[in-house]
Amino acid sequence: MKKKEYKTKSRTLILQYLMDEKEHTISIADINAFLEQQGESTNISTIYRFLDKLVAEGRVMKYQQEDGKKAVFQYVEEESCHQHLHMQCVKCGKMIHLNCGFMQEISTHMMEHHHFRLQCQNSILYGICEVCENNVMK
C-alpha cells in the first residue's frame with residue numbers, strides 16, 4: 001500500500017516558491033522568510049524534511065554553496081537537469097543550465113585524457129552572467 005502524500009499549506013507554499021524562483025537557488029533562510037511573509041510559521045526542521053523529500057523525488061536539486069557552509073536548492077523542470085553542469089552568477093544568483101553538446105565533449109575528454117568521470121549532478125561553475133557583467137562595464 002502506497003503511503004498517502006502529506007499536503008500542508010506550508011508545503012504548497014514552499015513548492016510554489018521554488019517553482020516561481022526556478023532560475024535561482026534558494027536557501028533555507030530564503031524559504032523561512034518567504035513563509036513568514038505569507039503568515040505561515042513553520043519549523044526549520046520541517047522545511048529541511050520537505051526539501052529532502054523533494055530532492056529524493058528528483059524535483060529539486062541540492063547544491064553546496066560556493067563557501068561550502070550551507071546548502072541551497074533549485075526546482076528542476078526537466079529530467080535531464082541531472083545530466084549537465086550548471087553555472088551560477090555570483091552577483092545576482094541566477095542559475096544557468098549548461099545543456100548542450102559541448103558537455104559530452106568535455107566528459108569524453110576528461111575520461112580519455114584524465115581518467116576521470118565527470119559527475120554533473122549538483123555541480124556548479126561560478127562566474128558573472130552577461131547582464132551583471134554589462135552593468136559593471138557601464
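Let's start with serine 10, which is buried, because its relative accessible area is 8%. Buried here means under 20% relative accessible area, exposed means over 50%, and partly exposed is in between, using a 1.4 Å probe and protein chains only. Before I go on, please keep in mind that this is a predicted model: local features need pLDDT of at least 70, side-chain atom pairs count only at pLDDT 80 or more, and totals for chains, interfaces and linings use all residues. Residues are numbered from 1 along each chain as its sequence is written, and side-chain values use heavy atoms, with hydrogens and water left out.

Back to our serine. Serine 10 sits in helix α1. Helices (H or I, at least four residues) and strands (E, at least two) are DSSP runs, numbered from the N terminus. Which residues does serine 10 touch, leaving aside its neighbours within four places in sequence? They are Leu35, Glu40 and Thr42, where contact means heavy atoms within 4.5 Å. The C-alpha atoms of serine 10 and threonine 46 are 9.3 Å apart, although 36 residues separate the two along the chain.

Neighbours within four places in sequence aside, threonine 42 contacts Ser10, Asn32, Leu35 and Ile47.

Two packed helices are described by the angle between their axes and the distance between the axes. For α2 and helix α3 (residues 44–57), the axes come within 11 Å and cross at roughly 115°. Those axes are lines fitted to C-alpha atoms, for helices over the stretch in contact, with angles running from 0 to 180 degrees between N-to-C directions. Who meets whom? From α2 come Ile28, Ile31, Asn32 and Leu35, and from α3 come Ile44, Ile47, Tyr48 and Leu51. The residues of this contact split into seven nonpolar, one polar and no charged. For that count, Ala, Val, Leu, Ile, Met, Phe, Trp, Tyr, Cys and Pro are nonpolar, Asp, Glu, Lys and Arg are charged, and the others, Gly among them, are polar.

Because tyrosine 17 lies in helix α1 (residues 9–20) and phenylalanine 34 in helix α2 (residues 28–37), the pair ties together parts that are 17 residues apart in sequence. Tyrosine 17 counts as buried at 15% relative accessibility, and phenylalanine 34 is buried at 17%.

For contrast, find histidine 115, in the loop between α4 (102–114) and β6 (124–127). Is it buried or exposed? Histidine 115 counts as exposed, because its relative accessibility is 67%. Most residues other than glycine have a negative phi. Histidine 115, though, has a positive phi, near 50°.

Finally, let's zoom out. The protein chain has five helices and six strands, in the pattern α-β-α-α-β-β-β-β-α-β-α. Of its 138 residues, 33% are buried.
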